[in-house]
Amino acid sequence: MSSTHTDFEQDMKFRRRLAVAISTAFGGALLVFLAVVMPAEFDRDPLGIGSLLGLKGMMNSTAGALNQQYEVHKSDEVEFILEPFQSLEYKYMMDLGNTLVFSWQADGELYYDLHAENFTVPDGEASFAQGSAAQQMGAYEALFNGMHGWFWENRTFETVTLRLKASGFFVSARIYGPRGTTDREPSPVF
Amino acid sequence: MITPPASTTGRPGILLLSIVLFTACAQALAHNIAGGDAAFVASNAGVAVAPFMYLGAKHMVTGYDHLLFLAGVVFFLTRPVHVLQYVSLFALGHSMTLIIGVLANIPVNAYLIDAIIALSVVYKALENMGAFRALGRWQPNTKVAVFVFGLFHGLGLSASLQELELHPDGLLINLLSFNAGVELGQLAALGLIVLFFTIWRRHPRFADMAFASNAVLMGAGFLLMMYQLTAWQLGY
């Protein structure tokens with residue numbers, strides 16, 4: 001506390017210091033907001049700095065919408081006949097990230113289990129949907145390299161005909177039937 | 001109270017500035033309950049005490065605007081009993097509006113409330129800088145202000161929770177668990193904040209740096225306010 005200044009002058013000096021601090025804080029915040037935050041978050045660039053820094057349009061990347069596939073697009077249609085209490089498995093060899101659109105229909109109720117076996121992790125199995133139905137459809141994305149598909153079981157006393165139609169990105173298909181496994185090569189769309 | 005000496009901003013203030021501004025920019029979108037948590041709440045029906053407690057704690061610990069206000073509140077509180085008093089007032093305020101807000105499904109615009117929360121940071125920084133003492137005969141009661149701002153912080157918490165589809169089964173217990181989690185998260189963060197200030201106050205030029213740091217805190221509050229008000233205005 002200096003004795004050469006009056007209390008009033010001390011007060012005014014402090015008030016001025018306060019005013020400078022508040023204006024600097026506000027001005028700094030405004031600058032950062034207009035130059036950085038607005039382009040990055042709101043896709044607006046009032047000062048032009050956002051485009052300079054490459055921030056404008058940051059939020060517009062469409063990487064999430066397109067799921068790049070590294071496999072040929074193939075289409076598959078297959079029909080099975082399941083006698084009473086007969087079961088079979090049908091799977092596609094898919095790599096991680098491969099997607100598949102499928103629907104299957106049966107003329108009777110079937111127990112189903114959509115599941116996958118992991119190539120790299122021994123005993124690495126995952127089941128995604130199970131239940132009893134006469135039809136199911138969906139879009140599936142492989143979470144790991146392996147065999148992905150269904151176990152169907154006819155738990156009725158009637159013979160059931162099952163038709164599966166699938167389109168997507170897989171390498172090949174395999175039937176696990178009562179007489180052993182059979183491989184199939186569904187054809188590419190083009 | 002500490003009288004600020006007649007010297008200008010200190011260099012540590014600039015370091016603090018960079019940290020605060022970078023954090024504010026980088027986490028601008030982090031201020032809500034993240035996607036995975038949202039999926040959990042949507043698929044949850046019935047009482048889930050521990051998960052909701054965890055969500056509450058996580059929300060407080062990652063809620064940098066709540067933490068900035070808390071830091072402003074305890075900035076000059078050296079005695080533990082004072083810290084306890086002020087933090088309890090804040091906790092009482094936000095607990096009240098969190099619970100009432102969710103139970104009564106009070107509709108508030110999340111961005112507008114967040115702008116007011118940012119304003120609370122600006123207010124607290126101003127108060128710490130001695131602006132109210134210098135400016136007038138009338139000074140708002142500090143404790144009342146902390147409580148009132150606590151009410152707004154709670155409304156913000158309630159708005160975040162309301163955005164999720166909270167199942168009516170077990171809602172009250174889950175809500176109370178969430179609130180308990182918020183308090184636990186607050187305690188954890190507070191421990192670090194108080195420790196930080198305790199060490200900092202030993203520095204010979206603390207009074208100097210304190211003024212500058214509160215100015216930076218105010219800047220952060222302004223930046224947050226601008227973001228929230230813009231989002232509100234643009235109808236996000």
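Student: How many of the 17 residues of strand β4 (residues 125-141) of chain A are buried?
Tutor: This is a predicted model: local features need pLDDT of at least 70, side-chain atom pairs count only at pLDDT 80 or more, and totals for chains, interfaces and linings use all residues. Residues are numbered from 1 along each chain as its sequence is written, and chains are lettered from A and ligands numbered from 1 in the order in which they are written. Buried means 20 or more other C-beta atoms (placed from the backbone) within 10 Å of a residue's own. β4(A), a DSSP E run of at least two residues, lies largely in the open, because the number buried is 1.

Student: Over how many bridges do strand β3 (residues 99-118) of chain A and β4(A) pair?
Tutor: To pair, two strands need at least two DSSP bridges. In one of them, A:A116 partners A:A126 of β4(A). The two strands pair in the antiparallel sense, and the number of bridges is 15.

Student: Which residue in the hairpin of β3(A) and β4(A) takes a positive phi?
Tutor: The hairpin has 6 residues between its strands. The phi in question is near 60°, and it belongs to A:D123.

Student: How many residues of chain B are in contact with chain A?
Tutor: Contact means C-beta atoms within 7 Å. Chain A brings 19 residues. By class, this side of chain A has 13 nonpolar, 2 polar and 4 charged residues (Asp, Glu, Lys and Arg are charged; Ala, Val, Leu, Ile, Met, Phe, Trp, Tyr, Cys and Pro nonpolar; the others polar). Chain B's number is 17.

Student: Are helices α4 (residues 64-74) and α6 (residues 110-128) of chain B roughly parallel or roughly antiparallel?
Tutor: Helices are DSSP H or I runs of at least four residues. The axes of α4(B) and α6(B) are 9 Å apart, at an angle of about 20°. Angles under 35 degrees count as roughly parallel, over 145 as roughly antiparallel. The pair is therefore roughly parallel.

Student: At roughly what angle do α6(B) and helix α8 (residues 142-162) of chain B cross?
Tutor: α6(B) and α8(B) are roughly antiparallel. Among the residues that meet are B:Y123 of α6(B) and B:F149 of α8(B). The contact has 10 nonpolar, 5 polar and 2 charged residues. The axes come within 9 Å and cross at roughly 155°.

Student: How many residues are charged in the contact of helix α5 (residues 80-103) of chain B with α8(B)?
Tutor: Their axes come within 6 Å and cross at roughly 35°. That contact has 14 nonpolar and 10 polar residues, and the charged number is 1.

Key. Axes are lines fitted to C-alpha atoms, for helices over the stretch in contact, and angles run from 0 to 180 degrees between N-to-C directions. Angles under 35 degrees count as roughly parallel, over 145 as roughly antiparallel, 65 to 115 as roughly perpendicular and the rest as oblique. Two residues are in contact if their C-beta atoms, placed from the backbone, lie within 7 Å. A residue is buried if 20 or more other C-beta atoms lie within 10 Å of its own, exposed if 12 or fewer, and partly exposed in between; C-beta atoms are placed from the backbone.
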